[in-house]
Amino acid sequence: MIRFLIKGLLRDRSRSLFPLITVTIGVALVTLGDSWVDGALVDIIDNNARLETGHVKVVTRAYKEQISSAPNDLALLGTKDLINDLEKEFTNMEWTPRIRFGGLLDVAGEEGVTIRQVRGSGLAVDLSEGSKEIERLDLNKILVQGHLPQTSDEILLSPGLMENLQVEVGDEVTLISSSMYGSMVIHNFTISGKIRFGIVALDRNMMIAPLEGIRYALNMEDAAGEILGYFKDPGEYDKNLTASMKEYFNKTYHNPKDEFSPYLLTLRDQNFLNDILLLYENAMGIFIFIFVLIMFIILWNAGLMNGIRRYGEMGLRLAIGESAHHIYLTSIAEAVFIGLGGSVIGTLIGLGFAGYLQNYGVDVTGMLESNSLYMSNVIRARISGSTFYIGFIPGVLATALGAIVSGRGIYKRKTAQLFKELEV
Amino acid sequence: MKESELITIDHLTKVYPTGTGGFKALKDINLTFQSGEFSGVVGPSGSGKTTLLNIIGTLDNPTEGKASVLGRSVNDLSSKEAARLRNHHIGFIFQTYNLLSVYTVYENVEFPLLLLDYSSDKREKMVMDALNWVNLADKKNFRPSQLSGGESQRVAIARAIVKKPELILADEPTANLDAKNSYLILEIMEKMNQELGTTFIFATHDDKVMKSLKRTISLEDGRVAGDDLAKA
């Protein structure tokens with residue numbers, strides 16, 4: 001009997017090919033959509049973690065209150081000891097101090113008179129031997145001209161800054177800023193290279209300097225605005241894990257009475273990332289829900305049309321002696337068969353596109369010109385565990401539901417009525 | 001019910017619900033059919049022929065009265081029991097053949113046997129027997145679209161007789177056929193009736209069929225207007 005039904009299914013294209021194509025397209029879109037949203041989500045987490053937030057970050061409570069302006073007068077002191085403590089407490093993490101700074105970059109003419117001045121934002125990172133910051137910030141890859149700083153007085157500038165200052169690699173610029181104690185500081189740096197992050201917000205006015213150089217310039221010996229923590233295995237990142245780290249650290253190390261005592265922030269506590277990531281996570285749920293709904297409606301209608309077209313055949317099968325229950329079950333089994341087939345093919349097609357987009361991505365530079373979010377200009381998909389099965393949920397579920405609903409007609413109509421439709 | 005009585009119909013009335021209270025398709029019908037009959041229910045369109053055949057075939061239920069087929073009360077059958085009765089004992093032949101277009105002649109005839117869970121060897125023998133009866137063994141791999149109207153109706157007959165039912169109900173089986181094909185299929189059915197003892201009940205208004213009937217029951221406006229046993 002099963003062979004007989006499969007034979008009929010394969011021969012009747014309106015029963016097999018059309019629903020199969022519909023399911024395949026829907027599942028491919030869901031699979032691709034899932035990997036796309038997942039890719040964007042991971043991209044946001046990864047970019048923000050690498051560039052600004054870390055998976056967790058330790059600052060003083062006072063600094064935390066004004067974190068958006070990176071107030072270095074409220075920076076952490078005794079960072080060497082604090083990092084030692086952190087390394088002992090959280091052995092699965094690695095910690096690195098950073099200083100975010102800002103100021104004017106000044107270019108002087110031949111007589112030492114300012115000829116151009118541009119505001120810039122800077123990041124002082126540990127570029128000493130053994131530091132993972134070069135790898136973490138992908139500095140070798142984003143360096144498009146010159147070399148990485150080899151002394152504490154060298155600096156890397158973004159294309160936007162170099163263009164506005166009209167300087168070249170090897171030229172000297174002066175940083176005019178304020179020290180940790182509030183006094184004005186002036187320090188000369190040599191431009192060792194040009195860096196392009198591929199992130200519009202950073203390529204406008206970013207500079208990267210060696211931590212030791214900035215510590216010296218801003219009078220921040222053994223101090224740092226922030227200490228960033230990264231999981232040694234980035235795949236280990238989990239919002240619940242960082243939340244429990246936060247709870248433990250702040251309970252153990254933070255003194256509510258001392259505004260300069262260290263305070264741990266998670267990635268999601270910063271830059272409205274919790275809202276953004278929740279939005280993305282919800283968007284993924286809504287996206288899949290909409291697809292399930294659309295596919296359900298399409299397949300339900302297809303199932304209804306197919307069912308009505310086949311009421312005559314069902315009437316005949318009832319007349320021959322097949323029970324209504326058996327006919328109903330076989331029509332659901334057919335739908336599940338088609339749903340599974342479409343889901344397998346659709347998932348493979350979706351994975352194919354997702355694989356391509358994972359490797360090559362889509363360049364959205366034009367859409368990000370006024371964006372200040374740390375988003376990569378190239379949005380990539382990400383194939384994860386869910387990519388392999390997510391399409392099966394709407395693919396099989398919607399198809400089966402369509403058959404379940406339309407098949408009720410076998411019971412609702414009297415046998416003789418179905419039988420009569422055979423004659424039409 | 002006597003042993004030879006295949007069907008008894010006792011004060012049967014069938015009412016179809018309508019907006020104005022209901023349409024009486026059959027009114028107080030009393031009939032008995034013996035095993036091995038070659039009978040027909042005749043009458044104009046709307047006289048209730050098909051409704052009567054549907055009730056005998058357990059495809060519909062009486063509104064009032066009783067109908068008993070092969071010793072089973074149609075009124076009391078569940079849909080599963082009715083399906084089982086049709087599956088084992090009743091064959092249907094329709095005006096429009098109603099072959100499943102995606103299956104071959106062989107597969108169309110084989111279908112009722114699949115429901116009976118017969119072995120493949122047994123099915124093959126029974127299908128070929130049925131196809132030989134209707135002289136279509138050479139076209140067993142054809143699709144319905146490749147057959148003429150007469151051939152299609154012969155396949156439908158083969159499908160109805162393949163499980164060797166006691167009763168075959170034929171609703172206007174010649175309505176779509178030319179005279180030559182009509183006589184051909186009537187000849188086949190008469191031969192089955194005589195050689196296999198299969199009971200045939202027709203619903204028809206075709207003169208060619210009426211002439212071959214051994215018993216003619218006339219329906220008019222849902223009532224039995226005549227029961228002619230002259231030819232029996």
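In chain A, helix α13 (residues 324-359) and helix α15 (residues 392-407) have axes that come within 8 Å and cross at roughly 160°. That angle is over 145 degrees, so α13(A) is roughly antiparallel to α15(A). The model is a predicted one.

**Helix packing in chain A**

- The crossing of α13(A) and α15(A) is right-handed.
- On the α13(A) side, the contact is made by Y328(A), S331(A), I332(A), A335(A), V336(A), G339(A), L340(A), S343(A), V344(A) and T347(A).
- On the α15(A) side, the contributing residues are F392(A), G395(A), V396(A), T399(A), A400(A), A403(A), I404(A) and G407(A).

**Helix packing in chain B**

- Helix α5 (residues 149-161) and helix α6 (residues 179-196) of chain B have axes that come within 10 Å and cross at roughly 15°.
- An angle under 35 degrees counts as roughly parallel, and α5(B) and α6(B) are therefore roughly parallel to each other.
- The crossing in which α5(B) passes α6(B) is right-handed.
- From α5(B), the residues in this contact are G150(B), Q153(B), R154(B), I157(B) and I161(B). From α6(B), they are N181(B), L184(B), I185(B), I188(B), M189(B) and M192(B).
- Helix α3 (residues 105-115) and helix α4 (residues 120-133) of chain B pack with their axes 9 Å apart, at an angle of about 125°.
- The α3(B) and α4(B) helices are therefore oblique to each other, and their crossing is right-handed.
- In α3(B), the residues that meet α4(B) are V105(B), Y106(B), V109(B), E110(B), L113(B) and L114(B). Their partners in α4(B) are R123(B), E124(B), M126(B), V127(B), M128(B), A130(B) and L131(B).

**Aromatic pairs and clusters**

- With ring centres within 6.5 Å as the rule for a pair, the count comes to eleven aromatic pairs over all chains.
- One of the pairs is F38(B) with F202(B), which is edge-to-face, with 5.1 Å centre to centre and 70° between the planes.
- This pair links distant parts of the chain: F38(B) is in strand β3 (residues 38-42) of chain B and F202(B) is in strand β8 (residues 199-204) of chain B, 164 residues apart.
- Both F38(B) and F202(B) are buried.
- F202(B) also pairs with F200(B): the ring centres are 6.0 Å apart and the planes are at 15°, so this pair is stacked.
- F200(B) is buried, as is F202(B).
- One aromatic cluster is formed by F4(A), Y103(B) and F111(B).

**Charges over rings**

- In chain A, K64(A) lies over the face of Y263(A), at 4.5 Å from the ring centre.
- In chain B, the charged end of R215(B) sits over the ring of F33(B), 4.8 Å from the centre of that ring.

**Residues with positive phi**

- Most residues other than glycine have a negative phi.
- D138(A) is not a glycine, yet has a positive phi of about 55°.
- D138(A) is found in the loop between α5 (133-136) and α6 (139-142) of chain A. Its relative accessible area is 31%, so D138(A) is partly exposed.
- Q166(A), also not a glycine, has a positive phi of about 55°.
- The loop that holds Q166(A) runs between α7 (159-165) and β7 (172-178) of chain A. Q166(A) counts as exposed because its relative accessibility is 56%, and exposed means over 50%.

**Two individual positions**

- A156(B) lies in helix α5 of chain B, and with a relative accessible area of 0% this residue is buried.
- Not counting residues up to four places away in sequence, A156(B) touches F92(B), I93(B), Y97(B) and L99(B).
- The C-alpha atoms of A156(B) and N108(B) are separated by 8.2 Å, although the two residues are 48 residues apart along the chain.
- D363(A) is in strand β13 (residues 362-363) of chain A, and at 53% relative accessibility D363(A) counts as exposed.
- D363(A) and R380(A) are 17 residues apart along the chain, and their C-alpha atoms are separated by 8.9 Å.

Definitions and conventions
Residues numbered from 1 in each chain as written. Chains lettered and ligands numbered in written order. Predicted model: local features only at pLDDT ≥ 70, side-chain atom pairs only at ≥ 80, totals over all residues. Heavy atoms only, no water. Phe/Tyr/Trp six-rings, centres within 6.5 Å; stacked < 30°, edge-to-face > 60°. Helix = DSSP H or I, 4+ residues; strand = E, 2+ residues; numbered from the N terminus. Buried < 20%, exposed > 50% of the residue type's maximum accessible area, 1.4 Å probe, protein only. Lys NZ or Arg CZ within 6 Å of the ring centre and 35° of its normal. Axes fitted to C-alpha atoms, helices over the stretch in contact; angles between N-to-C directions. Parallel < 35°, antiparallel > 145°, perpendicular 65-115°, else oblique. Left-handed = near helix turned anticlockwise from the far one by under 90°. Contact = heavy atoms within 4.5 Å.
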